[in-house]
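Here is a short report on a single chain. Please look at the sequence and the fold before reading on.

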Amino acid sequence: AVSLTACGNSDSSQKNTAETKSASDENKTDSEETKEEEIRIVSVKDVSDYVTIGDYKGFTLDRYTQAVTDDDVDAQISYELQDKVTEVTDGTVENGDTVTINYTGTVDGKEFDGGSAQDYDLVVGEGSMGIDGFEEGLIGMKKGETKELTLTLPEGYSENDSLSGKEAVFKITLQKFARVPELTDDWVAANTDYKTVDEYKQSVRDELEKQADMAADNQLYEDAWYEVLDASEVKKYPEEDIKKAEENHKADTEQTAKDNDMELSDLLESWGMTEEDFDEECKVEQNLIVQGIIDAEGLSLNDKETEELKDNLLLDYGAPSIDKLIEWYGEDEVNESLALLRVEKFIVDQSTVNEKTGSPEDSIENEDAYEDAQVKIW
């Protein structure tokens, strides 16, 4: 729902207006200062000459929140525990351990392409090797031990089709292995801010529910915006805004390429884009509609609601402050994002919102199933 681009810095950021005031400005009235400092995201004063804005009040919207299940909690904890693995110096490999191995594969006594590796890491039981019996054969091995496994290569194991179905001998040396800790009250007390497993699980559930709530809000805002966007029509585009959108996009992508020590063409290719793919008209259309609603409803990017939205924006992008966000993306992009969020919030506040559990896809499936049932009954 926000307009910020991928990541990178922009040289277009400017100092905050408040920081550059001269001493004479201090004598101005509050109303004069507010009017002067009011942020606009388009160059034109009257957007009605450029766009016809569709209805943006009185919608009926569905807000879908994904329920957090016990399986979700367990999966998240399992993921977090993977970062806490500790090396096992005594004992043998068990299912689920992360092992580091050297192995050499031979067919008819000869090594084959793709059949050998050094310091290869894998999690026993995940099936990443794709050879039946390989990972199972590691179970019970000790650190430093070497063993041979005679296994059958599967179809499509390598580009060399002649290897499919062949019997191969793998000589494997276990360099080291690590294990995910057992989730106990003692481990929780020693490694987290909680004292018991139940407390830790509840904290994980709370965080997942918070994320689900944020995701529901983001989708709701996006749905509200597209209701307005679909109902609006551009008459013409301000040339100054089109040019500015092109220049900002070019500056952003060039800086991102530079930050990543890449050529611009290589960066765009990695994004699946070309220089011609950027739709500056779409960006300007968005800004015209947003500014039009702000003007019509007397909204502001300096009000309390926008200040609260700043916190959401910082959370979404992992930025410590708006100044840092501006440093990363540029002042224009940040202002456009805040303006869009402010308008989306206004649209949602004027709508009837139905709270639902699940996802829109679930609803469609349920409706299809209901219609199928009606057909069968009638």
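## Asp 108

In this predicted model, Asp 108 is exposed. Its relative accessible area is 71%, and the cut-off for exposed is over 50%. Asp 108 sits in a loop. That loop runs between strand E4 (98-107) and strand E5 (110-123).

The backbone of Asp 108 deserves a look. Phi of Asp 108 is near 55°. This is a positive value, and the residue is not a glycine. Most residues other than glycine have a negative phi.

## Asp 119

Where does Asp 119 lie? Asp 119 belongs to strand E5.

Is Asp 119 buried or exposed? Asp 119 is exposed, with a relative accessible area of 52%. That value counts as exposed because the cut-off is over 50%.

## The chain as a whole

The chain has 378 residues, and 38% of them are buried. Its secondary structure comprises 11 helices and 9 strands.

Contacts and surface complete the picture. Take the contacts between residues at least 6 apart in sequence: 73% of these join residues at least 24 apart. The accessible surface of the chain is about 22,600 Å². Carbon and sulfur atoms account for 43% of that surface.

Terms used:
Residues numbered from 1 in each chain as written. Predicted model: local features only at pLDDT ≥ 70, side-chain atom pairs only at ≥ 80, totals over all residues. Heavy atoms only, no water. Helix = DSSP H or I, 4+ residues; strand = E, 2+ residues; numbered from the N terminus. Buried < 20%, exposed > 50% of the residue type's maximum accessible area, 1.4 Å probe, protein only. Contact = heavy atoms within 4.5 Å. Areas by Shrake-Rupley, 256 points an atom, 1.4 Å probe, with all protein chains shown as cover.
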